[in-house]
Amino acid sequence: SSKLVLSQVHPMWQEPLAIPGGDRQSPIDIVVRKSIFDPQLRPLKVQYDPRTCQQIWNNGYSFLVEYDDTTDKSTLKGGPLEDQFRLCQFHFHWGENNTWGSEHSIDRRLYPAELHLVHWNSDKYSLFEEAVIEDNGLAVIAVFLKIGKRHEGLQKLVGALPAVRHKDSVVEFTKFDPAHLLPENIDDYWTYAGSLTTPPLTEAVTWIVMKQHIEVSHDQLAVFRSLLFTSAEEQLQRSMVNNFRVQQVLKGRTVRSSFT
Ligand SMILES: NS(=O)(=O)c1ccc(NC(=O)NCCO)cc1
Ligand SMILES: [Zn+2]
């Protein structure tokens, strides 16, 4: 387009000075040698139904692939979770280059991007909006992305992104199985009590961070960077890059591992 497109490092938002409570904020650096193996952690049980996939939406922070969460069709249980959780959306965070972009890090190592699969506790609550303010309300699976071979499962999603280039754009997107985006091994993960990494930053999330990454191609990730933070009407268009939050203090929390 003729409009100027800047790829300045765009501060997602001014970090709020204090969060209510603020002792379990996310993301964090996971120090592997300080994580504690918990033999009571069970394998994760992921049951996603591609027919619940509805649309892709550019919300001005990331692009969300949204699922019908009015019934228990796409669910997550097991692992550190006592209850059953319903998939409501997944989205990504990424950088302006392949050096950084993930929200979590492993022994300070950052990845070029990070996938978040967002679920809410449907045993205890009846809406995401209710669960988002409860300390056991949400469960988010995080998967690191690494540059390598092309990810065939991601290609359908990448192909739809130009249709949601601007903030507030939505496009129908159906029959997408998010299980295609999980690594082969989902039994090895770290888990800790944290928060949403974008407003409202509520401390409601049981994080499940996969040890194994997935690979995507340089060109696939470049399409993520072609999205814009700004709506079509705005005079100055800004590239949607660096949409990650700065890492937060651990404040005495324990990170458990499901593997030795
Ligand atoms: N990055 S994150 O911590 O995984 C995250 C997940 C959901 C939200 N919010 C959310 O899903 N709102 C309602 C539906 O969009 C915000 C941040
Ligand atoms: Zn996220």
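A pocket, as the word is used in these legends, is an open set of grid points where a 1.4 Å probe fits, with protein on both sides within 12 Å along at least five of seven lines. The structure shown is a predicted model.

**View 1. The largest pocket and its lining.** About 560 Å³ of space lies in the largest pocket of this model. Its lining is made up of 29 residues, and those closest to the centre are Leu64, Cys88, Gln89, Val118 and Phe128. Two or more lining residues come from each of β6 (63-67), β8, β10 and α1 (128-131), and β8 gives the most, with five residues. Sorted by class, the lining has 15 nonpolar, ten polar and four charged residues.

**View 2. Ligand 1 and the shell around it.** Ligand 1 sits in the largest pocket, and the elements that contribute two or more residues to the shell around ligand 1 are β8 (85-94) and β10 (113-121). The largest share of this shell, three residues, belongs to β8. Among the residues that surround ligand 1 are Leu64, His116, Val118, Phe128, Thr197, Thr198 and Trp207. By class, the shell holds six nonpolar and six polar residues, but no charged residues.

**View 3. Polar side-chain atoms beside ligand 1.** A polar side-chain atom of Gln89 lies 3.0 Å from an oxygen atom of ligand 1. For His91, the distance from a polar side-chain atom to a nitrogen atom of ligand 1 is 3.3 Å, and for His93 a polar side-chain atom is likewise 3.3 Å from a nitrogen atom of the ligand. On its own, ligand 1 has 430 Å² of accessible area, of which the protein covers 83%.

Conventions. Residues are numbered from 1 along each chain as its sequence is written. Chains are lettered from A and ligands numbered from 1 in the order in which they are written. This is a predicted model: local features need pLDDT of at least 70, side-chain atom pairs count only at pLDDT 80 or more; totals for chains, interfaces and linings use all residues. Side-chain values use heavy atoms; hydrogens and water are left out. A residue is near a molecule or strand if one of its heavy atoms lies within 4 Å of it. A polar contact is a pair of N or O atoms within 3.5 Å; within protein, one must be able to donate a hydrogen and the other to accept it, and residues adjacent in sequence count only if both atoms are side-chain atoms. Accessible areas come from the Shrake-Rupley method with a 1.4 Å probe; for residues, only the protein chains shown count as cover. On a 1 Å grid over the protein atoms alone, a cavity is a set of points where a 1.4 Å probe fits but cannot get out, and a pocket is an open set with protein on both sides within 12 Å along at least five of seven lines; lining residues have an atom within 4 Å of a point. A molecule sits in a cavity or pocket if more than half of its atoms lie within 2 Å of its grid points. Helices (H or I, at least four residues) and strands (E, at least two) are DSSP runs, numbered from the N terminus. Ala, Val, Leu, Ile, Met, Phe, Trp, Tyr, Cys and Pro count as nonpolar, Asp, Glu, Lys and Arg as charged, and the others, Gly among them, as polar. Grid points are joined across faces, edges and corners, and a volume is the space filled by probe spheres set on the points.
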